[in-house]
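Hi there,

Here is the model I promised to pass on.

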Amino acid sequence: MSHVVLFDNGTHKNVLLEELSNGSFAVQSNQHVIIDGASGMILDPGGHKVYAKALSATMALLGRSKLETIFLSHQDPDIVAAVNGWLMTTDANAYVSGLWTRFVAHFGLDAMVEKRLHAIPDEGMRLPLGAQWVDVVPAHFLHSPGNFQVYDPIAKVLYTGDLGASIGTEAREVADFDAHVDYMIGFHRRYMASNRAMRAWAKRARKMDIDIIAPQHGAVFRGKPMVERFIAWCEGLACGVDLLFDMEPEQP
Ligand SMILES: [Fe+2]
Ligand SMILES: [Fe+2]
C-alpha cells in the first residue's frame, strides 16, 4: 500500500503515510504529514515500533522541505513515545498540552532537546506552516484531559487524534458509515470521557468548514455528508462516565 494523498494544490500537500504498523501487536496508528512550500509538520508521529519507518518516509516525502513542527495531540505512547528521536534527528519544535510536557519527558527526553518541547495552552494556538498556518483547537477529554486537534484551513482537514479512531479495519477511507460504526463504538464508549465533552466538540466542529476528518487510527471520513454523519454520531453517543454504572454493575 502507498501513501494516501488527502489534499494537494501544488504548494500545499496533506499525506497519510503508508501503513507502517501492519501485522504488529501494537495498535495500528496513522502518521499524517502536512507540507506547505519549504515547511513541513508531522502529526502524532508514533512510538518506537514505527519510528524508523515513519522518519524515513517523512524525510522522503519532504524532499528539500524541512520538518519544522511535530504536533502531539496528547500524551499516549502511540503518539509520543519516540519524540526524543524525532527531536534529536531534526531541528523541529514539538508541541503538546501544557498538562503533559513534564510527563512526556519520562519517555526519555534528552536535556539537549527538552527546550524544543513546547506547551500548548488550554485554549489552543495557531502554528505557522510555510506561507500558511494551522489551528490547534481544544478537544479536551476526547479522550485525554489535555487534548488537541489540528485544523488545516487550506485543505479543510480536521485531524481529530483518537476521536474517530477505528480499530480492526484495514479500510483507509470510510465507505459505509453504518457498517463502520462497528469498528469505532467499543473504543469511543470506553476511551471518550462523556457525552457532554462530545456535544461541546460537535458544536465547535460545526463552525468549521471541514471536507475531511482524519483520525490517528483507522479510516478517514471524506466529504461533507460523511463528516456531518460522524459529528452527529459523536453528539448522540453515550460514553465514558455516562456508562460508569454499566461497567461496575455491583455499585449502588
Ligand atoms: Fe490516546
Ligand atoms: Fe491513539
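Below are some notes on the strands, the hairpins and the core.

First, the conventions. This is a predicted model, in which local features need pLDDT of at least 70 and side-chain atom pairs count only at pLDDT 80 or more, while totals for chains, interfaces and linings use all residues. Residues are numbered from 1 along each chain as its sequence is written, and chains are lettered from A and ligands numbered from 1 in the order in which they are written.

Let me start with the strands (DSSP runs of E, at least two residues, numbered from the N terminus, as are helices, which are runs of H or I of at least four). Strands count as paired if DSSP finds at least two bridges between them. An open sheet of six strands runs in the order E8-E9-E10-E11-E12-E13, with mixed pairing. Strand E8 (125–129) and strand E13 (221–222) are at its edges with a single partner strand each, so one side of each has no neighbour in the sheet. Five antiparallel bridges link E8 to E9 (residues 132–138), and Leu-129 has Gln-132 of E9 as its bridge partner.

Further along the sheet, E11 (residues 157–161) and E12 (residues 212–215) are parallel, with four bridges; Val-157 is partnered by Ile-212. E12 also pairs with E13, antiparallel over two bridges, where Ile-213 has Phe-221 as its partner. Five residues separate the strands of this hairpin, and Gly-218 there has a positive phi near 80 degrees.

E12 is covered on both faces: Ile-212 and Ala-214 on one side, Ile-213 and Pro-215 on the other, are all buried (20 or more other C-beta atoms within 10 Å of a residue's own, with C-beta atoms placed from the backbone; exposed means 12 or fewer, partly exposed in between).

Ile-213 turns up again in the largest nonpolar core, which has 67 residues; Ile-213, Leu-72, Val-83, Ala-94 and Val-96 have the most contacts inside it. Such a core is a set of buried Ala, Val, Leu, Ile, Met, Phe, Trp, Tyr and Cys residues joined through C-beta atoms within 7 Å. Helix H7 (residues 224–236) gives the most to this core, with five residues.

E1 (residues 4–8) and E2 (residues 12–16) are antiparallel, joined by four bridges, and Val-4 is opposite Leu-16. Three residues lie between them in a hairpin, where Gly-10 has a positive phi of about 100 degrees. Four of the five residues of E2 are buried.

Best wishes
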